[in-house]
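Please look over the sequence and the structure shown here before reading on.

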Amino acid sequence: MPGLPVECPHDPHVHLYGALQPSELLQLAVGRAIDWGPVAEVWHEARTTPPDFSALVAMARRDPETAGRRLAEALARLPAGTASLRARFALVHACTRWGSAAHAHWNSAVADEVEQVWSWVATRWPVEARIQLPADASERWAACALEHVAACAAKHGMTVIISLPRAAPLKHWPLVAESAHRHPTIVGVDLCGIEDEPARHAPLSAALAAWNHRFAPRRLQFAVHVGEQLDCMTPLTAIRRVWDAIAIGADRLGHALAIRLDPAAWPAGPAWQTVAERSADLQWLQWQADILELDGDAIDAELSELRVRDPHSQVGVVPADHGLVSACQETVRARLRATQRLVECCPTSNEQISGAPLARHGLKSLTGIPWVVGSDDPGLLGVTWPEECARALAVIAR
Ligand SMILES: [Zn+2]
């Protein structure tokens with residue numbers, strides 16, 4: 001069967017720190033003064049009572065296994081949605097020096113932590129890992145971090161993709177470009193975190209293209225998390241952003257759930273969106289009006305009404321009917337088929353964020369599009385890549 005994940009020998013989508021087991025994460029927190037307040041707050045926002053994190057860390061000192069099991073149970077209680085992703089992220093951020101130590105001066109404690117994390121992950125996922133450069137990292141810190149990460153990857157026969165902060169993706173680009181030139185273990189850059197407009201990242205894409213031109217045949221891949229956080233935006237916005245990610249040259253799309261999820265299984269989204277977002281959605285519909293058999297004049301009329309309004313102001317979301325959502329999804333999938341960009345499906349992670357069971361994730365609709373199965377945050381989600389592959393295969397075979 002074409003496009004089956006078994007053809008892919010690697011797990012192409014794993015975040016280094018998300019690959020840690022809960023017990024390992026807690027061990028990294030042992031002996032550090034951590035302010036758990038902000039983490040607890042994010043967990044409450046995810047409508048979950050947080051466990052007593054400092055008690056878990058104290059327990060991890062003498063009995064990491066039991067402490068890890070308790071944390072795993074707490075993680076499993078997080079409900080589906082983007083808020084849960086934030087809760088996991090806040091926990092990793094707090095527990096690790098990479099996430100929360102001052103990012104001014106690189107020191108041996110951070111270096112030792114990274115070394116420890118690579119060796120844990122390399123025993124289970126000896127392939128490719130992503131790691132995010134902190135947005136507030138000083139130039140010196142980022143330079144040392146890149147050196148160290150590339151060396152750790154080489155030591156374990158792995159490769160690494162550098163995730164750049166969406167707020168300032170070009171801030172450390174010159175350092176990444178220079179490190180990647182010297183270290184073949186750096187194979188790409190990634191955009192993760194809370195999704196935004198892909199068009200904002202066209203300058204990063206241009207910088208990557210210039211690098212690829214200069215150092216051909218070496219090539220840095222451009223991986224973009226897009227169409228994943230479906231409860232934060234309207235279906236039309238989520239689908240259109242996948243198109244936009246293709247347009248700016250993304251090689252790998254994580255996880256583009258928006259262009260494959262059964263429209264009836266979509267999570268409830270926001271009731272409001274910005275005028276800028278609605279206008280962008282309408283412009284996209286206007287371009288596709290012929291294919292989608294839409295009334296171009298009606299779209300024009302709404303666009304001109306919006307043109308006189310403040311782009312940051314809000315408009316009520318117009319619910320899109322399932323037929324339109326499904327037609328828009330197919331339009332973007334046709335673009336993916338034509339451009340052969342890779343879709344990285346992460347079954348459990350996608351269930352966690354959307355609340356929709358895997359059978360509704362539209363894996364069969366990806367025929368003709370290169371796609372693979374990844375495990376995203378396998379340690380925190382309590383999954384393995386072979387299990388994730390088996391689940392995906394079972395859905396396809398049905
Ligand atoms: Zn991911």
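The expected span of a helix is 1.5 Å times one less than its number of residues. The structure described here is a predicted model.

## Helix 4

Helix 4 covers residues 64-77, which makes 14 residues. From the first C-alpha to the last, helix 4 reaches 20 Å, close to the 20 Å expected at 1.5 Å a residue.

Several residues of helix 4 are buried, namely Ala-67, Gly-68, Arg-70, Leu-71, Ala-74 and Leu-75. Seen down the helix axis, the buried residues fall within an arc of 160°, so they line one face of helix 4. An α-helix has 3.6 residues a turn, so residues three or four places apart point the same way. Glu-65, Glu-73 and Ala-76, on the other side of helix 4, are exposed. The cover over the buried residues of helix 4 includes helix 1 (22-29), helix 3 (53-62), helix 5 (82-95) and helix 17 (378-381).

## Domains

The protein is divided into two parts by the domain assignment: domain 1 spans residues 20-95, and domain 2 spans residues 272-316. Between the C-alpha centres of domain 1 and domain 2 there is a distance of 42 Å.

## Cis peptide bonds

Most residues other than glycine have a negative phi, and most peptide bonds are trans. Ala-216 and Pro-217, however, are joined by a cis peptide bond, with omega about 10°. Pro-217 belongs to the loop between helix 10 (202-214) and strand 4 (221-226).

A cis bond is also found from Gly-254 to His-255, where omega is near 0°. His-255 is part of strand 5, residues 252-255.

## Positive phi angles

Glu-293 is not a glycine, yet its phi is positive, at about 55°. This residue lies in the loop between helix 13 (289-292) and helix 14 (296-307). Glu-293 counts as exposed because it has 8 C-beta neighbours inside 10 Å, and a residue is exposed if that number is 12 or fewer.

Gln-340, likewise not a glycine, has a positive phi of about 55°. Its place is the loop that runs between helix 15 (322-339) and strand 8 (342-345). Gln-340 has 10 C-beta neighbours inside 10 Å and therefore counts as exposed.

Notes: Residues numbered from 1 in each chain as written. Predicted model: local features only at pLDDT ≥ 70, side-chain atom pairs only at ≥ 80, totals over all residues. Helix = DSSP H or I, 4+ residues; strand = E, 2+ residues; numbered from the N terminus. Buried ≥ 20, exposed ≤ 12 C-beta atoms within 10 Å, placed from the backbone. Arc of directions from axis to C-beta. Contact = placed C-beta atoms within 7 Å. Domains from an automatic or database assignment.
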